Amino acid sequence: MPAPAPNDLDTWLITGGAGFIGSALVRMLLRAGRVRVVNVDKLTYAGNLESLPGAASHPLYAFEQVDVCDAAAVRACFARHRPAAVVHLAAESHVDRSIDAPMAFIHTNVVGTCTMLEESLRYWKEVPAGLRERFRFLHVSTDEVFGSLGPGGQFSEATPYAPNSPYAASKAASDHLVRAWHHTFGLPTLTSNCSNNYGPYQFPEKLIPLTIQNALAGRALPVYGRGENVRDWLFVDDHARALETIVRRGVPGESYAVGGASERRNIDVVRAICRTLDALHPAGRPHESLITFVADRPGHDARYAIDASKIRRELGWAPSETFDSGLVATVQWYIANQRWAERVQSGAYRGERLGLRRHVDAMSTDDISPSTT
């Protein structure tokens with residue numbers, strides 16, 4: 001069967017498409033060629049078009065530099081591109097930054113989501129019936145809205161919300177807005193709550209890429225507390241597949257928990273990175289000698305774990321990467337793409353410790369933020 005002509009394809013509007021998860025989704029969709037992609041991104045410090053090599057010349061790609069809080073600009077995007085789906089990824093996402101500047105998270109994550117919902121609803125009410133019936137609004141959220149687990153149990157779609165950081169609270173608020181716009185106005189919304197993502201093109205402020213970058217440079221590898229906090233790790237390309245699956249097969253009004261079934265203590269993640277680097281970049285070995293323990297951050301959740309049985313059972317999605325295979329691919333990518341890492345870090349963030357605004361323990365400016373989320 002011949003490939004569909006571009007004019008026969010639906011358009012997906014992806015907010016935050018120059019960010020880590022968003023760019024993985026855009027790259028995947030462009031490779032597949034099943035939809036047109038409109039990337040709506042403000043291009044903040046963590047959004048970079050260099051994460052989309054070749055996209056600018058792709059016949060199925062368009063870029064709009066737009067703030068999701070700007071209702072008029074968002075409305076114009078809908079009018080120009082007439083999407084059949086919105087995948088809303090644009091968000092402030094770094095917990096430590098939310099401690100230092102919580103209002104930025106409220107603005108982007110709450111006001112921005114409300115703006116996207118309002119403009120989606122306005123657009124959805126006016127489009128022809130066929131497009132209205134297949135339109136979907138997928139809001140991409142986090143497992144952090146559920147708070148902290150003890151040594152047992154997992155988060156599921158039925159877990160009560162209990163956010164513990166300004167970031168998590170802002171995402172919880174946006175989740176509730178999405179639910180309300182479905183139940184009150186009938187907008188066909190979907191919500192996903194994912195575990196910690198990792199993989200190529202992740203801005204080096206999160207645990208895995210920051211540890212890789214510090215180790216390659218021979219710098220200290222700070223770990224919060226004793227490194228006992230546990231996260232469930234999801235390879236970003238697996239997450240991108242999950243998002244496409246939810247848009248295509250998900251039931252409006254439902255939420256889907258997406259996880260990699262790869263729980264690891266933070267200290268074990270750092271040690272695994274060190275072992276991988278010892279094998280792939282032996283010049284700095286043993287890299288574990290660089291590990292140093294630093295004061296924990298305020299409100300650091302003890303453990304996250306996702307029960308992804310609903311999306312497996314109802315939509316047929318499952319991760320294809322193990323943590324070990326995904327980590328090797330990630331380390332290899334950063335070793336081979338140091339120019340990308342250096343360029344994206346040339347702005348305001350250069351690996352400094354964040355999240356200390358209300359911390360009682362002062363630390364030196366040489367400390368590096370060992371973020372876990």
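Reader: Which element gives the most residues to the lining of the second largest pocket?
Author: This is a predicted model, where local features need pLDDT of at least 70 and side-chain atom pairs pLDDT 80 or more, while totals for chains, interfaces and linings use all residues. Residues are numbered from 1 along each chain as its sequence is written, and side-chain values use heavy atoms, without hydrogens or water. Elements are DSSP runs numbered from the N terminus (helices H or I, at least four residues; strands E, at least two). With five residues in that lining, the top contributor is α6.

Reader: Which residues are closest to the centre of the second largest pocket?
Author: That pocket (an open set of 1 Å grid points over the protein atoms alone where a 1.4 Å probe fits, with protein on both sides within 12 Å along at least five of seven lines) holds about 290 Å³ of space, counted as the volume of probe spheres set on the points. Of its 20 lining residues (an atom within 4 Å of a point), the closest to the centre are Tyr161, Asp175, Arg179, Thr191 and Ser255.

Reader: And how many disulfides are there?
Author: A disulfide needs two cysteine sulfur atoms within 2.5 Å. Over the whole structure, the search comes back with zero.

Reader: Is Cys69 buried or exposed?
Author: Buried means under 20% relative accessible area, exposed over 50%, partly exposed in between (1.4 Å probe, protein chains only). Cys114, at 25%, is partly exposed. Cys69 has 18% relative accessibility, so it counts as buried.
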